[in-house]
Amino acid sequence: NSDVILVNKTDLVDRDTTERTILAVERINPHAMVYPAVNCQMEGPLPEGPHPERQANMNEHHIHLETISFKLGDDVDIKSISSFFRDMSAGRYGDIVRAKALVNTLQGPFKFDLAFANVQSVPFDKPVAGSRLVVIGNNLDREALSSAI
């Protein structure tokens, strides 16, 4: 239902991918103003106000996503959590569009991010108070996710 949508991190993909992403977003929300962005900044100012027909169609499009949260142990090996995130990105546990974890691994605290198929992990700068995972997507296999972690 957004009036303005920024498609961020366009510097990390080719022009064709950016254009296909913008087209996909416009199909989901045809009344939104969609702009590419780098570091959450776009060229030029935002136009003023939403499209005139926007208010009449506010409830026309809905995306339904499931969210599942898990507490994780603090004795996780970095290799096993990395493999788990790769499996999530490959669709093994459902159509996952986003997953985040803060984990005290045996190798120290880490932050894991999955956005669509892109997985990143980086050391976290301080110990994590209660390792945890949040998964967002469709057709999530809660049982398989729970048993995998």
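**View 1. Asp87 and its salt-bridge partner Arg92 in the predicted model**. Asp87 has a relative accessible area of 22% and is therefore partly exposed. The side chain of Asp87 meets that of Arg92 in a salt bridge, with an N to O distance of 3.1 Å. Arg92 is exposed, its relative accessible area being 58%.

**View 2. The salt bridge between Lys100 and Asp113**. The side chains of Lys100 and Asp113 meet at an N to O distance of 3.8 Å. This pair links distant parts of the chain, the two residues being 13 residues apart: Lys100 lies in strand 4 (residues 95-105) and Asp113 in strand 5 (residues 108-115). Lys100 is partly exposed, with a relative accessible area of 41%. Asp113, by contrast, counts as buried because its relative accessibility is 15%, under the 20% limit for that class.

**View 3. The salt-bridge network of Arg98, Lys100 and Asp113**.

**View 4. The salt bridge between Arg20 and Asp16 in helix 1**. The closest N and O atoms of Arg20 and Asp16 are 3.0 Å apart. Both residues belong to helix 1 (residues 15-28), where a spacing of 4 residues means that about one helical turn separates Arg20 from Asp16. Arg20 counts as partly exposed at 48% relative accessibility, and Asp16 counts as partly exposed at 45%.

**View 5. Salt bridges across the structure**. The predicted model holds 5 salt bridges.

Definitions and conventions:
Residues numbered from 1 in each chain as written. Predicted model: local features only at pLDDT ≥ 70, side-chain atom pairs only at ≥ 80, totals over all residues. Heavy atoms only, no water. Salt bridge = Lys/Arg side-chain N within 4 Å of Asp/Glu carboxyl O. Buried < 20%, exposed > 50% of the residue type's maximum accessible area, 1.4 Å probe, protein only.
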